[in-house]
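Please consult the sequence and the structure alongside the text.

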Amino acid sequence: MKAKGGLLLAALGVLALPLSAVADAPSPTVLANTCFSCHGTDGKSAGAMPSLAGKSASEIAQRLREFRADERENTVMGRIAKGFSDAEIEALAAQLGSK
Amino acid sequence: MKKIDRRTFTKLAGAAGVAFSLPAGAGVALGKSPRVVVIGGGFGGATAAKYLRRFDAGIDVTLIEPSKAFVTCPFSNTVIGGLNTMARITHSYDGLRAHGVTIVHDRATGIDAAKKSVSLANGGDVGYDRLIVSPGIGFRWGAIEGYDAATSQTMAHAWQAGPQTVLLQQQLAAMPDGGVFIISPPVNPFRCPPGPGERISLVANYFKQHKPRAKILVLDPKEKFSKQGLFKEGWAALYGDMIEYRNASNDGTVVRVDAANMTLHTDFEQHKGDVINFIPPQQAGEIAQLAGLANDSGWCPVDQQTFESSMHPNIHVIGDASIASPMPKSGFSASNQAKAVAAAVANLLKGEAPGTPKFVNTCYSLVAPDYGISVAMVYDFADGKIVKVKGSGGLSPSGASAEFHKKEANFARGWYDSIAQDIWG
Ligand SMILES: Cc1cc2nc3c(=O)[nH]c(=O)nc-3n(C[C@H](O)[C@H](O)[C@H](O)COP(=O)(O)OP(=O)(O)OC[C@H]3O[C@@H](n4cnc5c(N)ncnc54)[C@H](O)[C@@H]3O)c2cc1C
């Protein structure tokens, strides 16, 4: 995303804008890092939390949408998933999904 | 600032394996890798150090932290309640070393924002291109008459984990059955709003098993406390009438502490305890005060996108010390802020835009070993400040099943294991 955003900005020739004018979306890395406090660094859980590592991008996106829509049993993920937009869920899934 | 001559400098640098910069005129790492110095190896600082290296292994990261190992406040209530030992909440810095972080076990005594250098208690200075400060809290000693650092040796606060945690645990273990434990939480804002509720719960759990005739009196200078409904639901179900809670309008405000007589004075009454846990009002850690990073509130104003100080350039203040409202002062918040700030700093050092942050916070609390509750929130950065994402977050449901509480207690332990590994592993 950062690289893509950079390219896009470069293409538009707006790289020289003051920093405050660039209202970027959070990068996929920044988004995914918020999950690691529970799911462990790079999604490798250190204990009772489920690991995200090894899951496919489509599974992660699917689960997040289900949590967000209260369509899947959960204790906390519904409350978390409701804080992420469709675009952010796609970015998270692409970032965290096993390659 | 203490000056050192070149000989001492070389010796120091050699001994510590650190490239110190000279205090004056030497410039900072010209043409070399950019250097970031981090003050404080707790939830904010240790995360920032590790994630800076993850974002860009070309950054020279030096962490200044006096302790050889970090003892977490999270889960310290389980130690106080006799469920865990100190080893369970103590973490070494070897993990950070493995990520290429240089660790200097010393205390920062001053920051020279103009020269971009930090002075150390044992002498010498460390220069930086950008500085991240995460010193946690300090106490406003004397703000409540009769409570100061000396008093805390008999009447523990246990709001910084370590010897204070052990002191309170031992006092509770030595307390006779039928004794009275008094806990007095502070005014807002303070570190970990649900922390007192969890402590009351886990002490009650300990009493229920070991001193069933003991009582707990809570003297709160506030009208209500974090997760109050959920805590009270759990207390009623588990601890009967063991806990008496008094809020501000019920004469809960302590105005004077008499440590010699183990007595707390409110406006209208006085209360004698066998063990008293007095948690004093708080402010940003001492180094933030010394370095002029705090404002009149005692906390540090920052640009909420990059957490760069509003008082001094090139210095980022994160964690409990910063004014990050609406985020609460929690370890989870501090660690999430650190990650976003590490990304911003890595970008800024490359001359790029800092990027937009996103934050999550969740505070788990144990009402009993198999009874967990939580409060969560997701935050965006919009229109120049941190805002809650509408519709996200909130409390665990009230009236939940025993099975649900058991799951959350299990996830509370899972959270602790993951975040500890994410920060110090
Ligand atoms: C009882 C209790 C329970 C809690 N439970 C939870 C919980 O379940 N979940 C949660 O998210 N949060 C919890 N918290 C809150 C959490 O502990 C803090 O919010 C968190 O520690 C803040 O991180 P920090 O980096 O700001 O400060 P800290 O983690 O306190 O780190 C500060 C570090 O800076 C160092 N330092 C200070 N001054 C200097 C100096 N001059 N030079 C060098 N180093 C210095 C200190 O030695 C320390 O290591 C709890 C707190 C308490 C008291």
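This is a predicted model: local features need pLDDT of at least 70, side-chain atom pairs count only at pLDDT 80 or more; totals for chains, interfaces and linings use all residues.

**The ligand and its surroundings**

An oxygen atom of the ligand lies 2.8 Å from a polar backbone atom of B:Phe332. On the nitrogen side, a polar backbone atom of B:Ala108 stands 2.9 Å from a nitrogen atom of the ligand. On its own the ligand has 1000 Å² of accessible area, of which the protein covers 92%.

In chain B, the elements that contribute two or more residues to the shell are α2 (43–55), α3 (76–80) and α9 (331–349). The largest share, 3 residues, is that of α9(B). In terms of domains, at least three shell residues come from each of domain 2 (22–66 + 105–140 + 281–355) and domain 3 (151–278) of chain B. The shell comprises 16 nonpolar, 11 polar and 7 charged residues. Of the 34 residues around the ligand, those that come nearest are B:Gly44, B:Glu65, B:Ser134, B:Arg191 and B:Asp320.

**The cysteines**

Over all chains, the count of disulfides is 0. B:Cys363 is in no disulfide, and the nearest cysteine sulfur, in B:Cys192, is 5.4 Å away, whereas a disulfide requires two cysteine sulfur atoms within 2.5 Å. For B:Cys300, the closest cysteine sulfur is that of B:Cys73, and because the two sulfurs are 18 Å apart, they are too far for a bond. B:Cys300 is buried, with 0% relative accessibility. B:Cys363, at 9% relative accessibility, also counts as buried.

Conventions: Residues are numbered from 1 along each chain as its sequence is written. Chains are lettered from A and ligands numbered from 1 in the order in which they are written. Side-chain values use heavy atoms; hydrogens and water are left out. Buried means under 20% relative accessible area, exposed over 50%, partly exposed in between (1.4 Å probe, protein chains only). A residue is near a molecule or strand if one of its heavy atoms lies within 4 Å of it. A polar contact is a pair of N or O atoms within 3.5 Å; within protein, one must be able to donate a hydrogen and the other to accept it, and residues adjacent in sequence count only if both atoms are side-chain atoms. Accessible areas come from the Shrake-Rupley method with a 1.4 Å probe; for residues, only the protein chains shown count as cover. Helices (H or I, at least four residues) and strands (E, at least two) are DSSP runs, numbered from the N terminus. Ala, Val, Leu, Ile, Met, Phe, Trp, Tyr, Cys and Pro count as nonpolar, Asp, Glu, Lys and Arg as charged, and the others, Gly among them, as polar. Domain bounds come from an automatic or database domain assignment.
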